[in-house]
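Here are my notes on the model, as numbered points. Please read them with the structure open.

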Number of protein chains: 2
Amino acid sequence: MENKLKELKTKLQEIYDLEMMRSLLEWDQSTYMPPGGATARGRQMAILTRLRQERLGSPELGKLLDSLQSYGETLDPDSDDARLLVEARKEFERATKVPPDFAARFTEHTVQSYQTWTEARPNNDFESTLPMLEKTLELSREYSNYFPGYDHIADPLLELTDPGMKVDEVLSLFAELRSELVPLVESITAQEEIDDSCVRKHFSEKGQLDFGLQVITDYGYDFERGRQDKTHHPFMTKFSLGDVRITTRVSEDYLVDALFSTLHESGHAMYELGIKPEFEGTPLASGTSAGVHESQSRLWENLVGRSRGFWEHYYPKLQTTFRDQLKDVSLDEFYAAINKVSRSLIRVDADEVTYNLHVMIRFDLEAQLLEGTLELKDLPEAWHAHYESDLGVRAPDDRDGVLQDVHWYTYFIGGLFQGYTLGNIMSSSFYDAALKAHPEITGEIATGNFDTLHTWLRENIYQYGRKFTASELVKRTTGGALSIEPYMQYLKTKYGELYSL
Amino acid sequence: MENKLKELKTKLQEIYDLEMMRSLLEWDQSTYMPPGGATARGRQMAILTRLRQERLGSPELGKLLDSLQSYGETLDPDSDDARLLVEARKEFERATKVPPDFAARFTEHTVQSYQTWTEARPNNDFESTLPMLEKTLELSREYSNYFPGYDHIADPLLELTDPGMKVDEVLSLFAELRSELVPLVESITAQEEIDDSCVRKHFSEKGQLDFGLQVITDYGYDFERGRQDKTHHPFMTKFSLGDVRITTRVSEDYLVDALFSTLHESGHAMYELGIKPEFEGTPLASGTSAGVHESQSRLWENLVGRSRGFWEHYYPKLQTTFRDQLKDVSLDEFYAAINKVSRSLIRVDADEVTYNLHVMIRFDLEAQLLEGTLELKDLPEAWHAHYESDLGVRAPDDRDGVLQDVHWYTYFIGGLFQGYTLGNIMSSSFYDAALKAHPEITGEIATGNFDTLHTWLRENIYQYGRKFTASELVKRTTGGALSIEPYMQYLKTKYGELYSL
């Protein structure tokens, strides 16, 4: 059995490496590739995807897994090998249930669909994307239908990003959250608006980048195993557990963009870098879900990076970097500016409080589209109606309405948004658990020391990679099920103080 | 047959793309990869190499080629498809003659061997590399012996880099060249030494890089299909015909390094970028030999970039960039400084005149090692003896002797050096042919216009990729066989004037 297991790990490693190489090709495409490289790059990524699919769904892998089945059942179900076997079988079965040509058909479609979107958004032309979206919806349903027996048609899509979560569960969690958030936003926006002009001046690119790099170095992001490059849409990517990179973008007229995107992506990266090195090359060597991943990026971006204690330490340094712009701005003014709450139209620019309302609207709409209770042609108006009801704003057009996010134009309709809000909810649960274990963390942050927090996260979350599911991690760290309570408590305390509610 | 040919091209394209992806992995390793990425990167490159080998030597490819054999014979032997079939068969046969495990064994060995060299060179410890070199020599002979029937044991290795060339041919060409070069170096070094202190001041990295980028933009290097990044050892690499990149390094104390390396690599890149787009994805989509490749890099670096006419146009611009350093340096002084000839120890720092002596020493030595007429333990002394006889210098140690070049520690012993000198020789032949067709080229260069030259090179050399061999290209452009005559004429004229011989 030792040998069989070794053979399995060898096979899994090649599957893993094919995926990692594809990530490198994508990273290069998003950072340095000259335009002329695009055609071949698409072709080359398709080769890696196909080679990976072939191996993952191969009868040899199935036989090997079968031969290890009874051995796996003799192991401690919480042992690394037992979990590896479960995870590998899940990936194998998923690969065999979907016909081999599906991935190719889907990729080909999303390339066209993305192309259509890039033209449709500036032209405010939702109409032109309709045929593409119809096809996307059809393919999304087709995918789900390869996994019959679901409770909700979006469940198989959710399983891809937030494994173990069901649509109904998420809907009820979100309904609870919305019922608390909507009145909170109302009471905040009834107060005097915060003036954030102090972060809307000219800030040099170099100054911004250097400052962000210093903070994430202090966080513990390891530049021996990572780096940061510039791109259009910031992301984290991984080519092995020894090479986890982040990207950022800089707006010289707005201090908040690059800095918080850097902190955010560093959270994603530290999660991956903290995975047990022994998992390298296996399906366990990855963050466990979109939600848990987002909990880590949002924890470092918001719970730490937008906290008052953090800025007690870093604001004097930021003032040194940007002397002219900030010398007359007090810490309180700055802290308020980076935490300003407003009813806005664009998800990616939204503050901590309203952000989830944007996300939940999308989740509801995609569930309805998949169910067939909403038709695509009615989507723009449904979008506006939800925004009016939840956020009290209405976009003047579809450009800043239903066309604003690229997600539905490059992937399935279903499964891509809930992770953002699940992550916000979980970030507070995890952070509270860390503080409970180490109350000194708050004080340490105010001196620019993040070791205790980083170590706690590594020991309780990062190291496990995909070994434990999101619910298991929540259970292990908080003793209970996922609840919105800690998160709402955090928002109410922080913004209650800030807005004197 | 149309369909069979299409099927062949599809198979070849995947083989090509696997190679291109490997190049991207290498490029990233040499430019941006953090140290922690090394282990996985080696593993991932090995996967691509193996996948490529498996496909290239597959019985299916063999059958497909067999089924196209008689069709190929009905084609015009100079047609693209005929040449493609010949080239594809050559690569297939090469792949089938070498056992599948050879590449893996060889790669594994060179990784260790390179590691040994990185420590041995700073420690001046040739002794420690001996076991590695013994093994390299054994593997180099093993490789050659998979191709029985050669005239010289290095011929199969030469076939990899300068296809169509034989060792005996190169040796006799080199003997002729040496007999002319040695006395030329003697008479030059009998003259007063040129003072090149004007290029050995502080020159900012940004100024150097910007200037180099401007020149290669003027050359016609297409930044829509390429880019330049920094690295330790400059190189050109290709990920498709739409993405051909160069790298450079900058020394802020020496103006010559970055600039001429940029011009050099741009020559390699423009060659690849000029290949007929229809060849993309086939074995024809590549420079035809190390020699022809080097002829293009040296042409743009030396025949153009170190010419007086070139600097009539660019020197005033360089003076604007580096006002303080160059305002009191005349064009003549500068031109002399960048063309200074001296007997030196290090190949990569050598001037145009002595450079080939360095190369020919290495070529002779590796031929003798492969033949068994020289033993590895006697290599350091043989090295010194050759340097004394050809260049009149003796390195104080092995660090600047036999340990100076990485080649023998990362590849075969055999086949890697001759291309540099073949390239120099060919550069003059091609350049003379271009000037004969377009005498206006010299005048155009003196105004910073390179269109006629670039177009001539594209039409007569670049577009053909690997369709024609080096000798065929020489024949087509000069009407005769490769001769050292134009090259010696060039050196004698240029350096005769410069040193008033």
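1. Burial in chain A. Of the 501 residues in chain A, 43% are buried. The model is a predicted one. Among contacts in chain A with a separation of 6 or more, 71% are between residues 24 or more positions apart.

2. Make-up and dimensions. Chain A has 22 helices and 3 strands. Its radius of gyration is 23 Å, close to the 23 Å from the globule rule for 501 residues, so chain A is as compact as a globular protein of that length. Along the principal axes, the C-alpha atoms of chain A fill a box of roughly 70 × 50 × 50 Å.

3. Strand E3 of chain A. How many residues of E3(A) are buried? The count is 6 of 6 for this strand, residues 243-248, and E3(A) is thus mostly covered. In general, side chains of a regular strand alternate between the two faces of the sheet. Both faces of E3(A) are covered. On one side sit Asp243(A), Arg245(A) and Thr247(A), all buried. On the other sit Val244(A), Ile246(A) and Thr248(A), also buried.

4. Partners of E3(A). Strand E1 of chain A, residues 228-230, runs parallel to E3(A), and 3 bridges join them. Within that pairing, Gln228(A) has Ile246(A) as its bridge partner. Strand E2 of chain A, residues 236-240, runs antiparallel to E3(A), joined by 4 bridges. Here Ser240(A) stands opposite Asp243(A). The link from E2(A) to E3(A) is a hairpin through 2 residues.

5. The sheet in chain B. In what order do the strands of this open sheet lie? The order is E1-E3-E2 in chain B, with 3 strands and mixed pairing. E1 (228-230) and E2 (236-240) of chain B stand at the edges; each has a single partner strand, so one side of each is left without a neighbour in the sheet. On average, neighbouring strands are turned by 30° against each other, direction ignored.

6. Details of that sheet. E1(B) and E3(B), the latter covering residues 243-248, run parallel and are joined by 3 bridges. Gln228(B) has its bridge partner in E3(B) at Ile246(B). Helix H1 of chain B, residues 2-31, lies across E1, E2 and E3 of chain B. This helix runs at about 140° to E2(B).

7. Helix H18 of chain B. Is H18(B) enclosed or open, and why? Of its 20 residues, 16 are buried, so H18(B) is largely enclosed by the rest of the structure. The length of this helix, residues 418-437, also checks out. At 1.5 Å a residue, its 20 residues should span 28 Å, and the end C-alpha atoms of H18(B) are 29 Å apart, which agrees.

8. Contact between the chains. In chain A, 27 residues are in contact with 27 residues of chain B. H1 (2-31), H2 (38-56) and E2 of chain A each supply at least two residues of the side that touches chain B. The largest share of that side, 7 residues, comes from H1(A).

9. Symmetry. Two copies of a chain are related by a rotation about an axis and a shift along it. For this pair, a rotation of 180° with 0.1 Å of shift along its axis superposes chain A on chain B, at an RMSD of 0.0 Å. The two copies are thus related as by a two-fold rotation axis. Both copies use the same surface: 100% of the contact residues of chain A recur in chain B.

How values were computed. Residues are numbered from 1 along each chain as its sequence is written. Chains are lettered from A and ligands numbered from 1 in the order in which they are written. This is a predicted model: local features need pLDDT of at least 70, side-chain atom pairs count only at pLDDT 80 or more; totals for chains, interfaces and linings use all residues. Copies are superposed by least squares on the C-alpha atoms of residues with pLDDT of at least 70 in both. Two residues are in contact if their C-beta atoms, placed from the backbone, lie within 7 Å. A residue is buried if 20 or more other C-beta atoms lie within 10 Å of its own, exposed if 12 or fewer, and partly exposed in between; C-beta atoms are placed from the backbone. Two strands pair if DSSP finds at least two bridges between them. The expected span of a helix is 1.5 Å times one less than its number of residues. Axes are lines fitted to C-alpha atoms, for helices over the stretch in contact, and angles run from 0 to 180 degrees between N-to-C directions. The radius of gyration is taken over C-alpha atoms; the globule rule is 2.2 Å times the number of residues to the power 0.38.
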